[in-house]
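Work through the exercises below with the sequence and the structure side by side, and try each task yourself before you read its solution.

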Amino acid sequence: MNTNFNGVSRQNLGIETAPHLKAPLTTKMIMGIVSLCLLPAFVVQIFFFGFGNFFQFINCLVTAVICEVVVALLRHRSVLHSLSDLSYLVTAALLGMTLPPLLPCYYAVVATVFAIIVVKAVFGGLGNNIFNPAMAGFVFIVISSPSVVGLSWVAPAPFAFSVASLEKTAAVIYDKKSANALKKEIDALNITLLDENTDESTMSNTDVVVVDKSLASTDTDATSGATFLEEIKSARKSGTLYKKIDVNFQSSEYLAYLCLAIAYLLGGIALIAFKIILVKMVVVFFVAIVAFSLLLSHIFPGYFLPPLDTLLFGGTMMAAFFIITDPVTNAGTSKGRIYFSILVAFLIVILRAFGSYSDAVAFAVMLSNAAAPLIDVLTHRRPFGYRYKKGGLQ
């Protein structure tokens with residue numbers, strides 16, 4: 001609504017930044033629902049990896065709240081209003097679930113400060129940032145301290161929370177205790193479960209490899225705690241991935257990845273049911289990543305993972321439902337969102353094959369975020385009546 005005052009036309013309607021939704025859902029409600037939808041995956045992480053990610057979430061959340069308060073005070077804005085949108089809660093949850101479980105607390109603090117202050121606040125706050133804050137914070141800490149991050153991962157095992165308890169995990173994260181002994185205790189869970197549930201006469205080749213690797217692990221191996229994608233890094237760089245033994249997702253060592261995928265799927269279905277994310281983006285992403293991995297792994301089996309491994313390992317499932325669907329950092333046009341989803345899928349497959357870092361999802365998302373404005377320009381709708389005449393375009 002425009003009004004004239006002394007010959008000057010003024011806009012009386014408020015202008016708000018994204019996300020824009022034609023629904024009674026407020027930003028606070030959206031962020032709250034997204035956080036709740038992450039709970040299943042959060043519980044699965046604690047079950048298989050211990051309480052490390054719980055402390056990482058607490059570290060990120062406290063730091064995010066402090067950063068939001070500081071930004072509000074510097075901008076002379078209401079602190080309660082700045083904290084009411086709960087966007088910092090989603091950022092802390094995603095970042096806390098992405099960081100390695102045994103990462104020292106000050107690294108999580110630095111990652112969160114970078115995410116909230118540099119990536120979000122400097123660009124104008126919620127709705128104006130061009131990069132996903134959680135992914136940017138993760139990439140920043142991975143690039144800044146790759147060795148520390150690499151040594152902070154934990155190999156998953158069922159009932160890991162019974163070993164990586166609150167007390168033991170806190171000692172590693174806050175008191176700088178060595179993580180070596182704790183990792184060995186978690187690895188021992190896989191050996192125990194395998195001994196209880198597997199008879200030697202029916203043991204598969206995959207199970208033999210798991211037992212040998214665990215029993216023969218040196219102190220260096222136990223300290224590294226490499227994830228599956230990190231373990232195959234040398235093989236994919238040398239083009240010998242086809243020599244690796246097929247992964248058995250029913251084994252105790254890899255069951256965590258299957259359960260995490262199911263948990264993210266359940267959370268994603270809830271988001272779709274609440275009409276918070278676009279189902280077409282999710283479908284296009286899955287179709288694209290399966291197609292790319294299937295084609296490239298068939299042509300170049302030594303460098304590319306098969307579709308199932310591509311979907312279940314790393315943060316692919318999290319990206320599908322909770323990262324690429326971010327209405328602020330993806331493309332703004334209908335066609336653009338489709339191209340954006342395809343671009344993220346393609347970059348994940350390519351970066352996992354030829355990238356120096358195993359964490360390809362975060363890098364793929366940030367590169368796609370940077371390309372989103374260009375995608376909008378290339379896919380913008382033609383203005384009504386522009387270059388149009390009866391019978392077609394001029």
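**Exercise 1: the surroundings of F313**

In this predicted model, F313 touches F228, L229, V247, F249, Y254, Y257 and R352, leaving aside residues up to four places away in sequence.

**Exercise 2: the salt bridges**

State how many salt bridges the model contains, and describe for each pair which helices the partners belong to.

*Solution.* Recall that side chains of opposite charge can pair when their charged atoms come close. With a cut-off of 4 Å between nitrogen and oxygen, the count comes to two salt bridges.

Step one: E68 pairs with K120, and their closest N and O atoms are 2.7 Å apart. This pair links distant parts of the chain, since E68 belongs to helix 3 (residues 52-74) and K120 to helix 6 (residues 105-121), 52 residues apart. Both E68 and K120 are buried.

Step two: K168 and E185 form a salt bridge at 3.0 Å, N to O. K168 in helix 9 (residues 166-174) and E185 in helix 10 (residues 180-197) are 17 residues apart. K168 has 38% relative accessibility and therefore counts as partly exposed, and E185, at 32%, likewise counts as partly exposed.

Terms used. Residues are numbered from 1 along each chain as its sequence is written. This is a predicted model: local features need pLDDT of at least 70, side-chain atom pairs count only at pLDDT 80 or more; totals for chains, interfaces and linings use all residues. Side-chain values use heavy atoms; hydrogens and water are left out. A salt bridge is a side-chain nitrogen of Lys or Arg within 4 Å of a carboxyl oxygen of Asp or Glu. Helices (H or I, at least four residues) and strands (E, at least two) are DSSP runs, numbered from the N terminus. Buried means under 20% relative accessible area, exposed over 50%, partly exposed in between (1.4 Å probe, protein chains only). Contact means heavy atoms within 4.5 Å.
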